[in-house]
2 protein chains.
Amino acid sequence: MSVTRLFVETDLSSGVEAPLGEDQAHYLRHVMRRADGAPLSLFNGRDGEWKATLSLRGKKAAVALVAERTREQASEPDLWLCFAPVKRARIDYIAEKATELGVSVLQPVVTQHTIVERVNVERLRANAVEAAEQTERLSVPEVRQPVDLTRLLGAWPTGRHLLMCDETGSGPPIAEVLAGLDDAARAAPWAIVVGPEGGFAETELSLLRRIKDVTAVGLGPRILRADTAALAALAVWQALVGDWRRPTPRLAADYRTSKDTV
Amino acid sequence: MSVTRLFVETDLSSGVEAPLGEDQAHYLRHVMRRADGAPLSLFNGRDGEWKATLSLRGKKAAVALVAERTREQASEPDLWLCFAPVKRARIDYIAEKATELGVSVLQPVVTQHTIVERVNVERLRANAVEAAEQTERLSVPEVRQPVDLTRLLGAWPTGRHLLMCDETGSGPPIAEVLAGLDDAARAAPWAIVVGPEGGFAETELSLLRRIKDVTAVGLGPRILRADTAALAALAVWQALVGDWRRPTPRLAADYRTSKDTV
């Protein structure tokens, strides 16, 4: 039986009883049909990953009995993804893929040419949690409320580098820019900003250019959809600047969980 | 009014009448509600991009009257994506995103641990055509019939380099491998091979290792789903080896077409 991996909010340590949410209890009882004592794997983004067992309580509830730690919490790159909301299936996909690709913050931004303005932050967060659970990530990115680009840039944190992908503009090749960074830039916090399908407005471009550590880059001769541009930029950033530069650890087979392959 | 961009099979030159398919005629007449004389943009993967106008014929049919060429056909990287089929939504996504990311061939491969075996090649091709139409690409990748990995490797073309992404294994970082290629390797044809969620079988791994120009690479410390691994590897390959190394051209505003932003 595969081990079900779950994100929980509670502190994790040996011997504690971690409460499981209603949805988690329902999922374990009725979707996965797990019985009392079924093996679980828990993480909360702070305390690493823990072996646990399922304990059913009453007709609906469930808790996890935490045993021993199986992985230490590791530091992850401080990388924001700032993206203009797109229609439902594509925004779900951005949340899922960006989580797999290791972003620390998902920040929807409303631009002058943004067409979709309502963003279901709770649904984005659920997608991020599911992606983290299924892909062995030890944390879940923070999903922020949408903010106007103007306002975001007006309060831009000092020292956070900004990689700007504007599919309507031109820019030096992304690999040339990222491979040429000095050590200080590599160690800095970063954000990738992807424009809406219609591109940034002129006033937005001039605000972007005023950020101290901003670099516009190009993603090749084909025009990418906004979601593709976001994921492509994240992958290239991780490969050249982020934690993909380290050799990949091989996981112990015991702690590989099932994935939704069918 | 935005210009509708369509892929056609027919040869394109000034003055010819390009027949439009039933689906294309229906789309233009009833979805886009285009009238006689509406502006079109056509490409066929060989003759560049052409301005054309719509000519309605009878109650259902339509043709395009081809005027002048607006873009020359450009050469594209010779890059195959060989991927184990995954469930429907994810395989559609692979076809769409891989097209945007510039693959020349989409090759579904059946491995010992592949769970989904039926592949709707026609639907994959429709996804690839739509992605090419909507993202200014001048060609559509060839979508091949699924083939057993063993058979594919047994007839592996001499000189085609193979980048192997195996999420269950370890490997040197992808950027380190690709940045270190010599000029001959950069000029060679390539294929990216992504394993199924369950990983390659031992016999498959040993067949893969027998390919002359094979390199296994790692995609960081998080485990990626097969579709994410495919798109991430494509993006990094294009950035470091492919045509993203050239500066991005800025398109004339006239020939930017509408995209599905809502």
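pLDDT is the predictor's confidence in each residue, on a scale from 0 to 100. This is a predicted model, in which local features need pLDDT of at least 70, side-chain atom pairs count only at pLDDT 80 or more, and totals for chains, interfaces and linings use all residues. Residues are numbered from 1 along each chain as its sequence is written, and chains are lettered from A and ligands numbered from 1 in the order in which they are written.

**Confidence**

Colour chain A by pLDDT: the average is 90, and 92% of the residues score at least 70. Then select residues 252-262 of chain A, where pLDDT stays under 50. For this stretch the model has 21 contacts beyond four places in sequence; a contact means two residues whose C-beta atoms, placed from the backbone, lie within 7 Å. Where pLDDT is low, the predicted coordinates should not be read in detail. The model as a whole scores ipTM 0.90 and pTM 0.91.

**The two domains**

Select 4-72 of chain A for domain 1 and 79-245 for domain 2; these bounds come from an automatic or database domain assignment. The C-alpha centres of the two domains lie 32 Å apart. Their contact takes 8 residues from domain 1 of chain A and 6 residues from domain 2 of chain A. On the domain 1 side, strand 1 (residues 4-7) of chain A gives the most, with 3 residues. Strands (E, at least two residues) and helices (H or I, at least four) are DSSP runs, numbered from the N terminus.

**The sheet**

Next, show the open sheet of 5 strands in chain A, with the order 1-3-4-5-2 and mixed pairing. Two strands pair if DSSP finds at least two bridges between them. Strand 1 and strand 2 (17-19) of chain A are at the edges; each has a single partner strand, so one side of each is left without a neighbour in the sheet.

Zoom in on strand 2 and strand 5 (residues 61-71) of chain A, which run antiparallel and are joined by 3 bridges. A:Glu17 has A:Leu65 in strand 5 as its bridge partner.

**Chain A against chain B**

Finally, display both chains: their contact takes 48 residues from chain A and 48 residues from chain B. On the chain A side, helix 8 (226-240) is one of the elements that supply at least two residues, and helix 8 gives the largest share, 8 residues.
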